[in-house]
Amino acid sequence: MNSDAGAYIDPMRIFPLLAALLLLLAAPARADFTTGLAAYDGGDYAMAFDEWLPLAQGGDAEAQIAVADLYTQGYGVPRNPAKAVHWYKRAALRGAVVAQINLGDMYARGLGVAQDLVKGRAWLRVAAQSGQEWAQKRFAALGQKMTPDQRAASLALSKKLLLKQ
């Protein structure tokens with residue numbers, strides 16, 4: 001008789017418990033995001049920032065976009081396009097299409113970073129892959145301003161970025 005037989009845990013029995021635990025742990029984070037959203041809607045941008053920053057630091061892509069937006073507009077924090085780029089990039093690497101679009105646009109325009117059409121078009125291509133129409137149009141328009149070598153470099157970079165997601 002196998003003495004380890006009683007130690008076996010059926011994964012199908014433990015999975016629902018783990019899923020429930022994860023939902024319970026995520027609930028406070030969503031509450032904080034909602035609190036930040038209510039503050040934002042009420043014009044208290046500093047409070048929104050205070051609610052969203054810890055979530056953004058913890059990897060919440062939606063909060064990362066919200067923090068980046070505050071830095072872009074200068075709402076509740078000093079306007080800082082470089083910090084906006086930082087937060088958009090973190091969210092973009094997590095697959096957030098809005099962040100990919102905004103990051104691509106910031107690279108294309110040179111806002112918060114040195115202008116880089118290759119990086120800008122690469123991020124816009126990644127966003128365009130989701131079917132987002134504005135990203136597709138901006139991607140095509142930016143390509144008209146680039147040399148064939150730049151377009152090829154942006155295609156290669158976008159392929160690498162897609163692999164990171």
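How many helices and strands does the secondary structure of the chain come to? The answer is 8 helices and 0 strands, in a model that is predicted. Read along the sequence, the pattern is α-α-α-α-α-α-α-α. Of the 165 residues in the chain, 35% count as buried.

**Nonpolar core**

- The largest nonpolar core has 32 residues.
- Trp52, Val67 and Tyr88 are the residues with the most contacts inside this core.
- Six helices each supply at least two of the core residues: α1 (11–41), α2 (45–57), α3 (61–73), α4 (81–93), α5 (97–109) and α6 (117–128).
- The helix that gives the most to the core is α3, with 8 residues.
- As a general point, nonpolar side chains in soluble globular proteins tend to be buried together.

- The whole structure holds 3 salt bridges.
- One of them joins the side chains of Arg109 and Asp105, with an N to O distance of 2.8 Å.
- Arg109 and Asp105 both belong to helix α5, and because they are 4 residues apart there, about one helical turn separates them.
- Through shared partners, the salt bridges join Asp105, Arg109 and Arg138 into one network.

- Lys137 forms a salt bridge with Glu133, the closest N and O atoms being 3.0 Å apart.
- Lys137 and Glu133 are 4 residues apart in helix α7, and are therefore separated by about one helical turn.
- Lys137 counts as exposed because its relative accessibility is 54% and the cut-off for exposed is over 50%.

**Surface charge**

- A patch of positive charge on the surface gathers Lys89, Lys119, Lys160 and Lys164.
- One of these residues, Lys160, has its place in helix α8 (residues 148–164).
- Lys160 has 57% relative accessibility, so this residue counts as exposed.

- Tyr40 is found in helix α1, and at 30% relative accessibility Tyr40 counts as partly exposed.
- Tyr40 and Leu70 are 30 residues apart along the chain, and their C-alpha atoms are separated by 9.6 Å.
- Gly43 is found in the loop between α1 and α2.
- With 39% relative accessibility, Gly43 counts as partly exposed.
- The C-alpha atoms of Gly43 and Tyr75 are separated by 8.9 Å, while the two residues are 32 residues apart along the chain.

- Tyr107 lies in helix α5.
- The relative accessible area of Tyr107 is 9%, so this residue is buried.
- Tyr107 and Gly120 are 4.6 Å apart in space, C-alpha to C-alpha, and 13 residues apart in sequence.
- Arg121 has its place in helix α6, and with a relative accessible area of 10% Arg121 is buried.
- Arg121 and Ala108 are 13 residues apart in sequence, with a C-alpha to C-alpha distance of 7.1 Å.

Note on methods. Residues are numbered from 1 along each chain as its sequence is written. This is a predicted model: local features need pLDDT of at least 70, side-chain atom pairs count only at pLDDT 80 or more; totals for chains, interfaces and linings use all residues. Side-chain values use heavy atoms; hydrogens and water are left out. Patches are made of residues with over 30% relative accessible area and no salt bridge: like charges are joined within 9 Å, nonpolar side chains (Val, Leu, Ile, Met, Phe, Trp, Tyr) within 5 Å. Accessible areas come from the Shrake-Rupley method with a 1.4 Å probe; for residues, only the protein chains shown count as cover. A salt bridge is a side-chain nitrogen of Lys or Arg within 4 Å of a carboxyl oxygen of Asp or Glu. Lys and Arg count as positive and Asp and Glu as negative; His and the chain ends are not counted. The place of a charge is taken as NZ of Lys, CZ of Arg, CG of Asp or CD of Glu. Buried means under 20% relative accessible area, exposed over 50%, partly exposed in between (1.4 Å probe, protein chains only). A nonpolar core is a set of buried Ala, Val, Leu, Ile, Met, Phe, Trp, Tyr and Cys residues joined through side-chain atoms within 4.5 Å.
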